[in-house]
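I opened this entry to keep track of what I looked up. My notes go residue by residue, then on to the ligand and the spaces inside the protein.

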Amino acid sequence: MAELARPKVFVTRRRVSDAIALLSEHFDVEVWGKPSPPPKAVLIMKAAVCQAMLTEVDDVVDRDVLAAAKALRVVANRGVGLDHVDVAEATRLGIAVTNTPGLLAESCADMAFALILAVARRIAYADRRVRTGKWKAFDQTPYLGTDVHGRTLGIVGLGQIGTMVAKRAIGFEMRVLYHSRRRKQEEEDRYGVEWSYGLDPLLATADYITLHVPLKPETRGLIGKRALGLVQPTAVLVNCSRGPIVDTEALTQALAGGKLAGAALDVTDPEPLPRDHPLLKMDNVVVTPHISSASAATFRAMGMLAARNIVAALNGEPMPSCVNADALKAARDTNGASAPAAPAS
Ligand code: DGY
């Protein structure tokens, strides 16, 4: 008897070999072999024939890709942010979307703190001076930074990552203000963080401002000219969330005009910044290549969770972290047999 064809899975980058191995135990797996993302035409082609895709943050799964997705049942993203996936359209088409929440919060919070310290204590600048032979004799005066301990930290977005940043700030004896859509009493009791009802008072008060909100229409450009006009000239801005949350031009102007003391950006808009961008010429700016979650252990764990989501989805089992599970179930309950076939959730 002919063997049943195994479901096809398209993995958009050769990144986590254990995850690819796990998928290969169950499915026919094809991996995009180049380090850059597959072009849109390839995503469209694969969406038409594959039952699952394992994506990265720079794979845009938009309406065009989803319109071609005749066989697709799940988009499993290796990462928590889903601004590159049209989740609403996927839901309408009965396609599950999964991400990797929770397990990257500690690593991202480590990075946010590393960036705060890097700007405050001029670490990248000092390293550059040593490497380029500019350190000739003991003299600390070109490297004088600002303290982190005892200062005020403003956390914009107190989700899982923001909360882990607050936890670290306790060790630095910082006063921590947070702004979030809703007040978080449990976190206030546990970490002593203070609610800032509006964003503006936080911006005007904090010595260090760190962004941990997802990219949505309402957060795009959140830190623009107006917001930057409120911050103290001694303040430092840290962005580990998504580049477009900060208006790059407004940030460049604010730094150039001395309205802000420094910035540390793990994410930028665009990404990467052009090599000749003014931000890359400023000694009070640190830019890293979107690596907040990238400890080796977390990187692997994210890949494995994405793979486990695919295994569950295609085996009709509950997925560990499906973002549209409730919406898919509601559509099934409402439409019954006429609803698009969706994986179990
Ligand atoms: C995330 O998890 O969204 C990171 O930004 C990319 O992996």
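I began with N77, which is buried at a relative accessible area of 1%. I use buried for under 20% relative accessible area, exposed for over 50% and partly exposed for in between, with a 1.4 Å probe and protein chains only. The model is predicted, so I note that local features need pLDDT of at least 70, side-chain atom pairs count only at pLDDT 80 or more, and totals for chains, interfaces and linings use all residues. Residues are numbered from 1 along each chain as its sequence is written, and side-chain values use heavy atoms, with hydrogens and water left out.

**N77 and strand β4**

I placed N77 in strand β4. Helices (H or I, at least four residues) and strands (E, at least two) are DSSP runs, numbered from the N terminus. I then listed what N77 touches, leaving aside neighbours within four places in sequence: T55, E56, V57, L82, H84, T98, N99, T100 and A306. Contact here means heavy atoms within 4.5 Å. A polar atom of the N77 side chain also lies 3.3 Å from the backbone oxygen of G81. That pair is a polar contact, meaning N or O atoms within 3.5 Å; within protein, one must be able to donate a hydrogen and the other to accept it, and residues adjacent in sequence count only if both atoms are side-chain atoms.

V75 is in β4 too, a strand that covers residues 74-77. Is V75 buried or exposed? V75 counts as buried because its relative accessibility is 1%. Not counting residues up to four places away in sequence, V75 touches M53, T55, V61, I95, A96, V97 and T98. I also checked V75 against N309: they are 234 residues apart along the chain, and their C-alpha atoms are separated by 9.1 Å.

**T12**

T12 took me to the loop between β1 (8-11) and α1 (17-26). T12 counts as buried, at 0% relative accessibility. Which side chain does the side chain of T12 meet in a polar contact? I found D59, at 2.5 Å. D59 is also in the contact list of T12, along with W32, P38, L43, L54, T55 and E56, once neighbours within four places in sequence are left aside. From T12 to N77 is 65 residues along the chain, and I read 10.0 Å between their C-alpha atoms.

**The ligand**

Which residues are around the ligand? I noted R78, G79, V80, G81, L104, R242, H290 and M302. A residue is near a molecule if one of its heavy atoms lies within 4 Å of it. A polar backbone atom of G81 is 2.8 Å from a ligand oxygen. R242 brings a polar side-chain atom to 2.7 Å from an oxygen of the ligand. H290 has a side-chain N or O atom 2.7 Å from a ligand oxygen.

N239 sits in strand β10 (residues 236-239). N239 is buried, with a relative accessible area of 0%. Its side chain joins that of S241 in a polar contact of 2.7 Å. Leaving aside neighbours within four places in sequence, N239 is in contact with L211, V246, A264, L265, D266 and V267.

On a 1 Å grid over the protein atoms alone, a cavity is a set of points where a 1.4 Å probe fits but cannot get out; a pocket is an open set with protein on both sides within 12 Å along at least five of seven lines; lining residues have an atom within 4 Å of a point. The space in the largest cavity is about 50 Å³. Volumes are the space filled by probe spheres set on the points, which are joined across faces, edges and corners.

I counted two cavities of 30 Å³ or more.

Of its 22 lining residues, V119, A120, R122, T146 and A261 lie nearest its centre. α6 gives the largest share of that lining, four residues.
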